[in-house]
Amino acid sequence: MAALSAWFWNERFWLPHNVTWADLADPAPGVEYPKPGHLLAALPLALGIFVVRIFFERFIASACARALHIQAGAGRRAQPNAVLEKVFTSITKNPDSRHLDGLSKQLDWEVRKVQRWFRHRRNQDKPSTHTKFCESMWRFSFYLGIFIYGIQFLWQTPWMWDTRHCWYGYPYQVMTPGLYHYYITELAFYWSLMFSQFTDIKRKDFLIMFIHHLATVSLISFSYANNMARVGSLVLCVHDASDFLLEAAKMANYAKSQRVCDFLFILFSVVFYITRLVIFPIWVLNSTMFESWAIVGPYPSWWLFNVLLLILQVMHIFWSYLISRIAYKAIMRGKVGNDVRSDIESSSDEETDNTEGHKRSAHNSKGENGTNGHCATAKPRTHNHTSW
């Protein structure tokens with residue numbers, strides 16, 4: 001174990017040339033440098049954040065949802081049936097015509113009745129609008145709170161106004177209480193997101209978001225361990241700037257406030273493009289890749305840190321594409337279109353059963369998918385629902 005630890009914390013990987021862990025282990029009185037062991041404090045804090053989230057969603061967010069007339073009532077449930085339940089849980093949730101014909105004969109049901117059962121059973125597992133509103137309100141509250149804290153903290157720092165101060169005197173840079181609290185709180189939140197993602201509302205980009213959270217935790221941990229926390233704080237602030245706007249747009253969508261939703265989504269899109277495609281590469285990446293090269297010089301963990309940031313920028317471009325698709329639909333339809341990052345059980349699964357003998361009218365179809373519908377915004381975080 002000692003050999004493995006020594007290999008992992010190899011000074012030639014983590015630190016610039018001619019710097020050792022011993023140089024950082026015994027600072028002057030009143031001076032504190034980052035230590036990798038500090039990162040362990042994020043784990044119990046992540047558990048505490050998760051507990052606070054449960055309390056917040058169950059009481060505060062639920063009360064707000066009821067005030068907006070978003071009820072937690074369950075939808076229509078499927079009739080209990082052991083045979084169909086076994087097929088649903090172990091074979092397929094969307095049976096094809098062959099399975100439908102076989103089940104119809106086995107149960108002596110009409111095919112349309114079997115189709116209806118599977119449709120109700122799929123919808124039964126879908127989270128309610130009330131649940132989605134509470135989740136978004138929690139993320140909105142955290143993102144807004146941490147963004148305000150980050151702006152207030154960074155406003156007083158020299159590296160907010162001149163990014164070269166991120167590298168002057170590196171790595172002998174003091175870890176102030178404000179920077180420590182900012183960093184550990186963000187790290188704890190993303191640890192909680194990464195684990196709660198398995199119990200949260202499932203979405204189509206589950207894998208992308210998991211990779212995003214993993215990259216975020218890795219970046220925060222790496223930058224803290226080798227004292228790149230100054231530039232790391234800039235990265236955190238840039239990403240928090242747009243996340244709370246998206247969650248606010250989603251809340252407006254769940255509350256069926258179309259105009260507010262559209263306005264907030266447009267505002268989110270503008271802020272996202274500016275922060276992720278302009279400020280981040282020009283302000284942050286320029287500092288991590290070029291200013292640091294000139295002042296400190298490259299070393300192994302420097303290369304890894306920048307590779308992770310570049311991967312993050314690729315994700316920004318991908319999410320910008322998704323946002324552009326929604327914006328295009330908004331222009332063409334006069335409103336924000338369907339969510340390109342919707343729940344797994346998308347609206348298309350609530351298919352019209354034409355064999356039931358009561359097709360929906362064109363007017364009703366327009367109400368579901370046309371100008372009378374409500375916007376459903378995508379989450380290119382942070383969430384999260386973001387975030388780095």
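The side chains of Asp-162 and Arg-164 meet in a salt bridge, with 3.1 Å between N and O. A salt bridge here is a side-chain nitrogen of Lys or Arg within 4 Å of a carboxyl oxygen of Asp or Glu. Asp-162 is partly exposed, at 21% relative accessibility. Arg-164 is also partly exposed, with a relative accessible area of 38%. Burial classes follow relative accessible area: buried is under 20%, exposed is over 50%, and partly exposed lies in between (1.4 Å probe, protein chains only).

The model is predicted: local features need pLDDT of at least 70, side-chain atom pairs count only at pLDDT 80 or more, and totals for chains, interfaces and linings use all residues. Residues are numbered from 1 along each chain as its sequence is written, and side-chain values use heavy atoms, with hydrogens and water left out.

The structure holds 8 salt bridges. Glu-32 pairs with Lys-35, the closest N and O atoms being 3.2 Å apart. Glu-32 is partly exposed, at 33% relative accessible area. Lys-35 is partly exposed too, at 30%. Another salt bridge joins Glu-57 to Arg-53, with the closest N and O atoms 2.8 Å apart. Both residues lie in helix α4, 4 residues apart, about one turn of the helix. Glu-57 and Arg-53 are both buried. Side chains of opposite charge can pair when their charged atoms come close.

Buried residues make up 48% of the 388 residues. The accessible surface comes to about 19100 Å², and 64% of it belongs to carbon and sulfur atoms. Areas come from the Shrake-Rupley method with a 1.4 Å probe; for residues, only the protein chains shown count as cover.

The largest nonpolar core has 75 residues. Such a core is a set of buried Ala, Val, Leu, Ile, Met, Phe, Trp, Tyr and Cys residues joined through side-chain atoms within 4.5 Å. Phe-189, Met-228 and Phe-280 have the most contacts inside the largest core. Two or more residues come from each of α4 (42–67), α8, α9, α10 (206–225), α11 (229–254), α12 and α13 (300–333). Helix α11 gives the most, with 16 residues. A second, separate core of 11 residues includes Val-87, Leu-103, Leu-107 and Trp-117. Phe-189 touches Ile-49, Trp-138, Phe-142 and Tyr-143, not counting residues up to four places away in sequence. Contact means heavy atoms within 4.5 Å.

His-213 lies in helix α10. His-213 is buried, with a relative accessible area of 2%. Its C-alpha atom is separated by 9.7 Å from that of Ser-192, 21 residues apart along the chain.

A nonpolar patch on the surface is formed by Ile-266, Val-270, Ile-274, Leu-277, Val-278, Ile-279, Ile-282 and Ile-317. Together they have about 670 Å² of accessible area. Patches are made of residues with over 30% relative accessible area and no salt bridge; like charges are joined within 9 Å, and nonpolar side chains (Val, Leu, Ile, Met, Phe, Trp, Tyr) within 5 Å. Helix α12 (residues 258–295) supplies the largest share of the patch, 7 residues. Ile-282 has its place in helix α12. Ile-282 is exposed, at 59% relative accessible area.

The unreviewed UniProt entry annotates residues 37–56, 140–160, 180–199, 261–283 and 303–323 as "transmembrane region". UniProt positions are given in the numbering used here, feature names are shortened, and annotations may be inferred rather than shown by experiment. Over residues 37–56 the chain is 75% helix and 0% strand, with end C-alpha atoms 30 Å apart. Over residues 303–323 the chain is 100% helix and 0% strand, and the end C-alpha atoms are 30 Å apart.

Most residues other than glycine have a negative phi, and most peptide bonds are trans. A cis peptide bond joins Tyr-170 and Pro-171, with omega about 5°. Pro-171 sits in the loop between α8 (129–154) and α9 (177–196). Pro-171 is buried, at 2% relative accessible area. Pro-171 touches Pro-16, Val-19, Leu-24 and Asn-227, not counting residues up to four places away in sequence. His-69, not a glycine, has a positive phi of about 65°. His-69 is found in the loop between α4 and α5 (82–90) and is exposed, at 68% relative accessibility. Lys-256 has a positive phi near 60°. Lys-256 lies in the loop between α11 and α12 and is exposed at 61%.
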